[in-house]
Amino acid sequence: MLASLLAQVLPESTQISTPNVDWLAIGPPVALFASALAIVLMIAILRGRSLTHDLTNWVVLCGVFGPIEFWLGRFWQVRFDDDSAAVVVMASGALSVVAALVSSVGRRRTFEASLVIGAVGTITAGAISVAQWSEFRNGGPFASMANAVAIDGFAIFVGGVVLAATLFGLLLATAWIKREQLEGPEFLALMLLCATGMLVMASATDLIVVFVALEVFSIALYVLAAFDRHRLQSQEAGLKYFLLGAFSSAIFLYGVALVYGATGSTNLSAIRSAAPSAALVENNGLLLVGFALLLVGLGFKVAAAPFHMWTPTVYQGAPTPVTAFMAGATKAVAFGALLRIFAGAFDPLRSDWRPAVYGLAVVSMLVGATAAIVQTNVKRMLAYSSIAHAGYVLIGVQVATESNGGFDGTAAALFYLAIYMLMSIGVFGVIQIVGRRGDSAHALDDYKGLARRDPALAALMTLFLLAQAGVPLTAGFVAKLAVFKSAVDAGQVQLALVGMLSATVAAFVYLRIVLAMYSSDDHGDAAADAPAERLPVDLPTGLALFAAGTAVLVFGILPGWLMDVAEHATNYLAGG
Amino acid sequence: MLASEVVMMRDTFPLLTFLIVLPFVGAAVTLCTPKGRTEWAKAVAFITSLATLGVALWMLADFDKAAHGYQYTVDHDWIGNLGVSFSLGIDGISLFMVVLTALLIPIGLLASVNEPNFKQFAVWMLFLEGTVIGVFSALDLIVFFIFFELVLVPMYFLIAGWGHGNKAYAATKFFLYTMAGSAFLFAGILMVAYLANKGGNPLTFDVRELTAWVSEPGNVSTRTSRLLFLAFAVSFAVKVPLFPLHTWLPDAHTEAPTAGSVVLAGVLLKMGTYGFLRFAIPMFPKAAQYFAPALLTLSVIGILYGAIVATMQPDLKRLIAYSSVAHLGFVVMGTFALTTTGIQGGLFTMVSHGLTTGALFLLVGMLYERRHTRLISDFGGLWKVIPVFSAMFLIATFASIGLPGFSGFVGEFTSLLGTFVTRRWWAVAATGGVILAAVYLLWAFQRAFTGEPEGENLGLNDINARELLTVVPLLALSLFLGFYPKPVFDRMELAVDDLMTHIEETTGYTEPDTPEPVPVEAEGHGAEEGH
């Protein structure tokens with residue numbers, strides 16, 4: 001027996017020394033992970049042979065292992081450090097909650113239960129993030145966990161965007177899962193796991209941790225993209241994303257290896273101090289190639305041209321709530337890493353990477369905007385437009401180190417990411433509704449007459465599309481203003497001009513959708529028809545759309561608060 | 001509510017903010033009126049637009065014509081991180097544009113009561129009113145740009161939703177053309193603010209501060225200021241529109257609903273010329289001088305080209321649209337003559353064109369409602385069938401041609417006079433446009449209204465009271481200002497003088513004396529009132 005073995009091995013009254021885990025630092029991902037785990041456990045219990053059988057087992061297990069600290073202390077006088085004790089109590093508490101939920105909601109309400117667990121986990125993570133923010137505002141940024149994780153404004157801001165996207169994603173997924181009759185809890189668990197990886201990535205200050213986090217969220221995303229097994233397109237999306245994503249991860253990892261070889265460390269602040277301040281081309285090809293590979297790997301994740309080939313297919317094929325989540329959260333977190341690595345660790349080498357980012361920005365904006373014009377599938381159009389948006393954020397990245405003290409490129413990029421998350425959640429939320437059962441009515445023609453059938457839905461869609469086009473009094477305008485202003489302040493007027501012109505081209509794309517919505521159906525005398533069937537909008541989706549729409553308007557008219565937060569968030573750690 | 005408001009207005013009431021917010025609130029309230037109760041929407045829309053007109057007229061009366069600088073200024077911190085503040089103000093240059101906007105919106109609404117889905121139409125019209133007033137009263141470059149861009153949205157929906165023919169194409173072309181122009185403006189604005197910030201000023205987009213700094217010789221290199229002027233100029237030239245950037249205009253004007261065309265021609269085009277006067281010229285006076293011959297040439301080409309193309313139009317509305325290109329050519333010409341008289345003439349033409357072309361568009365709209373065609377060849381002998389309408393049309397035609405006694409004459413004459421002093425040959429060439437205007441309009445009138453009526457033209461109803469109510473105020477004002485332009489000139493005089501002084505101070509150029517306009521005085525017309 002384990003107990004007797006332990007009793008033999010451990011001397012009396014042992015103090016087990018656990019690694020010093022800063023639970024506050026990794027609180028948000030832990031909360032998300034716990035909720036994902038809880039859902040998985042719950043499924044495991046409920047999908048078992050007999051409910052009562054498993055339930056009994058589980059309650060007994062919880063009863064035994066829940067107060068494990070008590071048992072350990074009672075019989076072997078083993079005491080953990082306070083932190084560990086806290087987490088054990090937390091874990092056992094979570095498990096007890098699951099047990100309680102399972103017993104109370106029963107087999108039929110599995111999905112609702114997992115939704116609640118997911119929401120609670122996300123909100124808990126958000127609450128911890130808020131606590132971190134005040135800690136950070138009082139004490140400045142700090143690193144923990146062997147300098148691999150940073151609590152800085154940057155991590156919290158990107159994490160906040162991810163958490164908001166997760167919450168929105170959960171809301172959107174609810175209606176979709178019911179409509180498509182898919183396994184809900186698994187989907188939610190995957191989304192939460194994905195968000196866990198993203199949160200870790202947002203605060204990672206070590207390339208290895210960045211990579212691990214990247215893989216965690218990518219793998220979950222691959223599965224999510226292929227989740228709709230009724231649709232071949234979804235599976236194609238998953239496979240394509242997986243294959244190309246695996247390549248990009250490998251490239252990223254190779255970059256990590258080369259950077260390690262060149263600087264002797266994978267820690268970002270160590271890399272920064274090791275990196276020579278002079279131009280690299282002559283004296284350190286290894287590092288140059290290394291960070292070029294890192295740029296490629298992350299460029300893939302942010303969907304920057306020319307590493308964007310996967311984007312249209314995946315955005316189009318993936319289930320719409322996944323696309324919404326992917327567009328909002330993945331971009332934010334990958335750009336977070338890009339900023340932290342390049343504007344932070346490789347800041348001394350900015351003259352080497354800035355031209356490359358400049359090129360990426362220009363190509364992304366032009367390719368994204370022009371390729372979107374010829375599309376007839378709305379999801380595909382918006383996939384291309386997301387490439388253009390990546391270009392706008394890259395403008396912010398390009399000038400990120402050129403800080404005038406005020407609202408600089410980093411802050412502008414962060415602000416843009418937050419706004420883009422809201423806009424893409426909104427747009428894809430409407431697309432999901434219009435997609436109807438089967439999630440496949442995404443052709444431009446499917447939008448004809450929407451304004452007559454569902455005026456509110458069409459109005460919301462118009463708002464989100466105009467915001468993406470950067471029309472004033474929407475948040476999209478302020479975001480573009482911030483990015484372009486940072487470019488001009490860094491002396492890159494041309495970049496701002498290219499951005500504005502590509503925004504004009506992209507506006508054509510958004511206007512096409514708007515026009516389709518406000519034009520009548522093909523049926524000729526459309527007005528004479530009785531009001532056609534209205535699209536069903538359920539409460540969670542409606543709530544998500546309303547919240548996103550309100551935010552887009554409010555941040556368009558009164559952006560001050562979010563801008564302040566983004567400005568504070570630029571106080572980050574990577575550079576040390 | 002209004003009574004208490006008036007009491008407050010006397011001291012520190014933010015009149016301009018109120019003037020912008022009022023239409024927006026009206027639009028929101030109109031949107032909330034119950035479905036199927038169009039009369040509610042009508043009531044709200046008319047009350048709001050008339051209230052806005054009332055406030056604007058009150059402001060016109062209250063405007064202190066002896067005060068330098070901006071009046072009714074408002075200053076609020078807005079996007080502090082980026083140095084944007086919500087600043088508004090009015091001077092003699094913008095005053096009449098605001099009033100004209102407030103006048104044309106209720107008239108446009110009155111002309112459109114039979115439009116399908118009037119509620120939404122009214123929402124967009126009121127939205128448009130708020131944004132246009134915002135454009136003309138913004139004193140912060142970003143606020144200006146916001147309204148400048150935002151104007152596109154309601155106009156886009158008005159054209160795309162209630163237009164005729166190829167409306168989707170026209171609306172999209174209008175949106176994209178102007179947005180592409182704005183790209184340069186936006187880059188220019190950011191650049192100016194950046195340069196001023198780098199030059200030691202606090203980060204701001206305030207027009208007054210930036211103009212003072214940027215126009216100061218030596219602060220910005222000649223090359224930079226020329227490039228910046230071009231960036232501003234391209235955007236405004238699209239809006240005016242100046243040849244060869246005018247191709248969006250005939251489509252947008254022709255396909256737009258009547259009220260849309262009225263507002264488009266009446267005030268939206270003036271956003272471009274206003275932009276020149278308020279931003280491009282005062283900020284970069286030297287560059288403006290440098291590019292003046294080019295812009296004058298383009299405007300003269302526009303005058304002649306617009307007139308010639310108008311002559312050949314088979315579509316009455318398209319003809320008027322092209323005549324706008326010609327009329328706005330006079331505005332730009334007068335402006336870039338860089339003389340007090342020229343600028344005053346340009347400004348006056350802006351007002352006058354809003355009145356006369358607005359009336360013409362309204363009348364063509366009425367014809368279209370009756371006959372569902374706008375082709376001149378489909379009409380004929382209308383005078384005998386609908387005499388009152390025809391009389392109105394003839395008056396509007398005369399007003400638009402610029403017959404002495406109408407505002408068009410005063411404006412065009414003054415702007416030609418102002419141009420003649422500094423740019424003689426341009427003025428001479430532009431005079432041809434005056435003659436051509438008579439050609440295309442009178443010829444069109446002859447073909448459509450004289451002769452014997454046939455076929456469908458026989459059964460037309462004459463103009464009704466509502467329609468008269470939309471046209472008569474515009475024509476009456478045009479006539480009034482044609483005989484007595486003093487009230488307008490009086491109020492814009494100081495602002496134009498200040499502008500010229502500013503140009504002279506910053507460039508070291510002295511405006512040549514305008515010759516005494518003796519012959520005009522002898523004929524008893526009011527062009528000289530402005531001096």
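In the predicted model described here, 24 residues of chain B are in contact with 30 residues of chain A, two residues being in contact if their C-beta atoms, placed from the backbone, lie within 7 Å. On the side of chain B that touches chain A, the elements giving two or more residues are α6 (141-150), α7 (152-162) and α8 (167-198) of chain B, where helices (H or I, at least four residues) and strands (E, at least two) are DSSP runs numbered from the N terminus. The largest share of this side, twelve residues, is supplied by α8(B). By class, the side of chain B that touches chain A comprises 19 nonpolar, four polar and one charged residues, with Ala, Val, Leu, Ile, Met, Phe, Trp, Tyr, Cys and Pro counted as nonpolar, Asp, Glu, Lys and Arg as charged, and the others, Gly among them, as polar.

Residues are numbered from 1 along each chain as its sequence is written, and chains are lettered from A and ligands numbered from 1 in the order in which they are written. As this is a predicted model, local features need pLDDT of at least 70 and side-chain atom pairs count only at pLDDT 80 or more, whereas totals for chains, interfaces and linings use all residues.

Chain B contains 23 helices and two strands, and its C-alpha atoms fill a box of roughly 75 × 55 × 45 Å along the principal axes. Of the 531 residues of chain B, 61% count as buried, that is, with 20 or more other C-beta atoms within 10 Å of their own, C-beta atoms being placed from the backbone. Among contacts in chain B between residues at least 6 apart in sequence, 79% join residues at least 24 apart.

Within helix α3 (residues 38-62) of chain B lies B:Ala41, which is buried, with 23 other C-beta atoms within 10 Å. Leaving aside residues up to four places away in sequence, B:Ala41 touches B:Thr30, B:Thr33, B:Phe118, B:Lys119 and B:Ala122, and its C-alpha atom is separated by 8.8 Å from that of B:Gln120, 79 residues apart along the chain.

How values were computed. Buried ≥ 20, exposed ≤ 12 C-beta atoms within 10 Å, placed from the backbone.
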